[in-house]
Amino acid sequence: LLFYESSTRTRTSFELAAKGLGADTTLVSSLSSSIEKGESLKDTGLTLRALGAEAIILRHSSSGAAWLLEAETRLPVLNAGDGMHEHPTQALLDLRTILAHLRPGPSIGTEAVNAETLSGVTVAIVGDILHSRVARSNMLLLPRLGARVLLCGPRELLPELAAAAGPSIEIERDFEAALRQSQAIMMLRIQAERLSGMQLDLEEYKAAYQLTGQRLAALAPTAVVLHPGPIIRGLEITAGVADGPQSAILEQVRNGVAIRMAVVERALTAATEKGGRA
């Protein structure tokens, strides 16, 4: 596990997933390794391969880092979040959670998921979409299963070009209008570490886009509420909603272990079939 950024849910669930499959894991972080001394991503990856690593789970602040590391090491590299680019396993666990609530029952398995599975379902993604790799991965995944995706946020955090990212993706600036249309609501935190130089009034943001119990009860009383974490209680979402009956936030965390077990197993099996090191 090669983590250049802090993480709780993703790192721990990947570690538990690998151990659940019987694999040994080692955590390498930027604050306790030669990375702190200026070692490049390539050299760190090659060092880990020489030490016997058979797969690398990477979180990095630069978009495309996972692709680069796989190209240099020829090991399976699982993307645990790269810059403002993608977070694929988060989108998969989000999908698993949405399916459990909106398409419940034993009929939903891998063989049943297709281009019509989420037909008629609208998912609102609300908040800092400009900087969100979670939003980007969900925008790629959910429409492939027939979902309509509404992007909602102020212009500073949601440029007009975002709607051109793919089919079935629309921008709705009015949060309350988005809530009325949605069966699933994915709240995103304001990423303060990425807002340098940006003028954003947090009180105005809360007034326009905070998910409160009153808004949820009046406009989306049956919708499932999601959040990739970490939650900033009192900013994008109130504590009452985060802990309330419509919240599936902890279910997302639980689903993350199973999803990441599947991804790790798939990566190592694929490497074995190709005659690789695993």
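**Notes on the predicted model**

1. Gln252 is found in helix H10, which covers residues 249–273, and this should be read with the reminder that the model is a predicted one. Is Gln252 buried or exposed? With a relative accessible area of 2%, Gln252 falls under the 20% cut-off and is therefore buried. Leaving out residues up to four places away in sequence, Gln252 touches Gln90, Leu93, Asp94 and Thr97, and also Leu226, His227 and Pro228.

2. The protein chain holds 10 helices and nine strands. Its radius of gyration is 19 Å, close to the 19 Å that the globule rule gives for 278 residues, so the chain is as compact as a globular protein of that length. Along the principal axes, the C-alpha trace spans about 55 × 50 × 35 Å. Buried residues account for 49% of the 278 residues, and of the contacts between residues at least 6 apart in sequence, 66% join residues at least 24 apart.

3. Thr44 lies in helix H2, residues 41–50. Which residues does Thr44 touch, not counting those up to four places away in sequence? They are Leu2, Tyr4, Ile35 and Glu39. The relative accessibility of Thr44 is 4%, so Thr44 counts as buried.

4. The buried residues in H1 are Thr10, Ser13, Phe14, Glu15, Ala17 and Ala18. As background to reading such a list, an α-helix has 3.6 residues a turn, so residues three or four places apart point the same way. Just after H1, Gly22 takes a positive phi of about 95°.

5. The other open sheet described here has five strands in the order E7-E6-E5-E8-E9, and its pairing is parallel. Strand E7 (169–171) and strand E9 (224–226) stand at the edges, each having a single partner strand, so one side of each is left without a neighbour in the sheet. On average, neighbouring strands of this sheet are turned by 20° against each other, direction ignored. Helix H5 (residues 133–141) packs on the sheet and touches strand E5 (122–126), E6, E7 and strand E8 (184–187), its direction making about 160° with that of E5.

6. Strand E6 (residues 148–152) is joined to E7 by three bridges, the strands running parallel, and Leu150 has Glu170 as its bridge partner in E7. Five bridges join E5 to E6, again in parallel, and the partner of Thr122 in E6 is Arg148. Strand E6 is mostly covered, since four of its five residues are buried.

7. The largest nonpolar core has 27 residues, and those with the most contacts inside it are Leu118, Ile125, Leu142 and Leu151. At least two residues of this core come from each of helix H4 (88–102), E5, H5, E6, E8 and E9. Leaving aside neighbours within four places in sequence, Ile125 is in contact with Ala135, Asn138, Met139, Val149, Leu150, Leu151, Cys152, Met186 and Leu188. A second, separate core of 25 residues includes Cys152, Met187, Leu200 and Val241.

Notes
Residues numbered from 1 in each chain as written. Predicted model: local features only at pLDDT ≥ 70, side-chain atom pairs only at ≥ 80, totals over all residues. Heavy atoms only, no water. Buried < 20%, exposed > 50% of the residue type's maximum accessible area, 1.4 Å probe, protein only. Pairing = 2+ DSSP bridges. Axes fitted to C-alpha atoms, helices over the stretch in contact; angles between N-to-C directions. Contact = heavy atoms within 4.5 Å. Core = buried A, V, L, I, M, F, W, Y, C linked by side-chain atoms within 4.5 Å. Rg over C-alpha atoms; globule rule 2.2 N^0.38 Å.
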